[in-house]
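Work through the exercises below with the structure in view. Try each task before reading its solution.

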Amino acid sequence: MLDPVKKRASVAVTILLASSVAAACSGGGAGSAPQNETEAPKPTAGENPANDAAETERPISLTYYTGLNPNAAAVVKSLGEIEMYKELERRTGIAVTFHHPAVGQEKEQFNLMIASGDLPDVIETNWGNYPGGPSKALSDGTIVRLNDLIEQHAPNLSKILKENETVDKMIRTDAGDIYMLPTINLGKYRSFDGPFFRKDWLDELGLPVPTTIGEWETTLRAFKEKKGAVAPFTATPSKLREFTMLPGAFGVTHSYYLEGGAVKYGPLQDGYKQYITLLHNWYKEGLLDPDTFANDGKKMESNMTSGKSGLIFGYIGGTMGTLTNSVRSSGGTFELVAAQYPVLNAGDRPKFVKRDPEVNANGQVGITKRNEHPAETVKWLDTFYGEEGALLKNFGVEGLTYTLEGGDPKYTDLIMKNPDQLSVAQAMGKYFRANYPSPGLADDRYIEQYYTLPEQQEAAKTFAAYADVSLDHVLPPVTQTPEESEELARIEGEVLTYIDEMTAKFIMGVESLEKYGEFVEQLKKMKVERAVELKQAAYERYTKR
């Protein structure tokens, strides 16, 4: 929540800063451009129109609220410190003061800020999590409708919306109101996580990378019996909830999904019982980590690097890359391989490979009612949807964090071999916003360099192979009416707690699987079928946008 006095002081300071920067950029004065760069790069025609300080009556200062990604939080205290935004200020003359909630308190501080009415000019969040949804945020007057502003002042984003119907649908409410400027990924890399096996163990045991549930079980049993793994498959409760590969083998997910245009709910289906039964059997046999429901992320990763486990669910960058580099840097032997999401029968195609939609749920920017410069703010943000702005977002400042080789941006050693011993992810976090959702266009050329290990590059291809199959089965980002959102929140709050509790009991054998039918009946008493109806209605409205 912004203190009014501090806010006025902040605005005053940033206006002064903007004035001095604008003067430096107009010629004369040393400025603060990177070494060997005497003038800020000029955007191409239509790239950043009318966004220059010279075209405004006075320098503009904006306040911007967003959570701070861990990669950035490790090296900066504010996004205002990173070179990407410093360079954007040099180009546009618009100064921005960032405000970040405390890590771990994002939801609470967001709600307090909204309740206080003391709003910044810009809020970046997942607007689907706003109490009542995006439509309620608009009707409350928290954020403003952006249709006309984008049409008139965002030529780069407008062009994308005209050319891509899916993106256009995803940034609107069912009434057609555009409520945010999005994080957009139109590239080939949309799948960044999945299962990873110890490849060095597979090679030693003469085993192929498993593809079916039966092969997974054989592999885990070999890890236990021949490698002495005390927790062949290591996990945490959150990882079991987050990843869809195991229930997906039985044709369901942990939550809502589509089957022939009808919305289904996984735990109500027989396939979910089969998934729970599988994990129960693995737990009983000692194939699933006996500490699964007590583990945290650090313990899970330690199990892999110490040789206690041979299978983990995680990310190509943060799991495969981090764990591999950690062990190898200490002289150890360690190799992971990405496995395709498992199926029941050889030759089947996985239905629920995790795939980022064209518009990410995070990194959504709303313009608040308190913003005195909405047109200029939209112009400023529109920079990131054009060629030059997308380069800035994904690669930083030319000559500092990247150079052009044959027209393609290549990261410099400041990113890839950071002199301060920062990891690639942290170095990126210090200079630009490529490796986590942020408004603007994603760029595949970032991924191709971020994944430095050959096995990471192969993992990206493995997970991408069947990612588009999920388009027929994964519920798109529908929006509920404010009344529906309120009703869903009541239902899901109770249902999700109950599912977590019973899932753990079924897997550990505390509750007999013979009572699964009673579990389903209790979910129905909690009105989960009504929740499915609400999602179905929202999906049907979405298809008509």
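**Exercise 1. Find how the axes of helix H13 and helix H22 are placed, and which residues meet.**

Step 1. Locate the helices: H13 covers residues 270–285 and H22 covers residues 482–508. Helices (H or I, at least four residues) and strands (E, at least two) are DSSP runs, numbered from the N terminus.

Step 2. Compare the axes. They come within 7 Å and cross at roughly 50 degrees. Axes are lines fitted to C-alpha atoms, for helices over the stretch in contact, with angles from 0 to 180 degrees between N-to-C directions.

Step 3. Name the arrangement. H13 and H22 are therefore oblique to each other. (Under 35 degrees is roughly parallel, over 145 roughly antiparallel, 65 to 115 roughly perpendicular, and the rest oblique.)

Step 4. List the partners. Ile276, Leu279, His280 and Tyr283 of H13 meet Thr503, Phe506, Ile507 and Met508 of H22. Contact means heavy atoms within 4.5 Å.

Step 5. Sort by class: six nonpolar, two polar and no charged residues. (Ala, Val, Leu, Ile, Met, Phe, Trp, Tyr, Cys and Pro count as nonpolar; Asp, Glu, Lys and Arg as charged; the others, Gly among them, as polar.)

The model is predicted: local features need pLDDT of at least 70, side-chain atom pairs count only at pLDDT 80 or more, and totals for chains, interfaces and linings use all residues. Residues are numbered from 1 along each chain as its sequence is written, and side-chain values use heavy atoms, with hydrogens and water left out.

**Exercise 2. Describe the contact of H22 with H23.**

Step 1. The axes of H22 and H23 come within 11 Å and cross at roughly 175 degrees. That makes H22 roughly antiparallel to H23.

Step 2. From H22 come Val495, Tyr498, Ile499, Met502 and Phe506. From H23 come Tyr516, Phe519, Gln522 and Leu523.

Step 3. The contact of H22 with H23 has eight nonpolar residues, one polar and no charged.

**Exercise 3. Where do the buried residues of helix H14 lie, and what do they pack against?**

Step 1. Helix H14 spans residues 297–305, and Met300, Asn303 and Met304 are buried there. Buried means under 20% relative accessible area, exposed over 50%, partly exposed in between (1.4 Å probe, protein chains only).

Step 2. Look down the axis of H14. The buried residues fall within an arc of 100 degrees, so they line one face of the helix. The arc is that of the directions from the helix axis to the C-beta atoms.

Step 3. Their packing partners include strand S5 (193–198), helix H11 (237–242) and helix H15 (316–329).

Step 4. Check what follows the helix: glycine 307 has a positive phi, near 90 degrees.

**Exercise 4. Is asparagine 371 buried or exposed, and which residues does it touch?**

Step 1. Asparagine 371 sits in the loop between strand S10 (364–367) and helix H16 (374–382).

Step 2. At 7% relative accessibility, asparagine 371 is buried.

Step 3. Asparagine 371 touches Leu62, Asp121, Val122 and Thr377, leaving aside residues up to four places away in sequence.

Step 4. A polar atom of its side chain lies 3.2 Å from the backbone oxygen of aspartate 121.

**Exercise 5. Which phi does glutamine 421 have, and where is the residue found?**

Step 1. Glutamine 421 is not a glycine, yet its phi is positive, about 65 degrees. Most residues other than glycine have a negative phi.

Step 2. Glutamine 421 is in the loop between helix H18 (413–416) and helix H19 (424–431).

Step 3. With a relative accessible area of 70%, glutamine 421 is exposed.

Conventions: A polar contact is a pair of N or O atoms within 3.5 Å; within protein, one must be able to donate a hydrogen and the other to accept it, and residues adjacent in sequence count only if both atoms are side-chain atoms.
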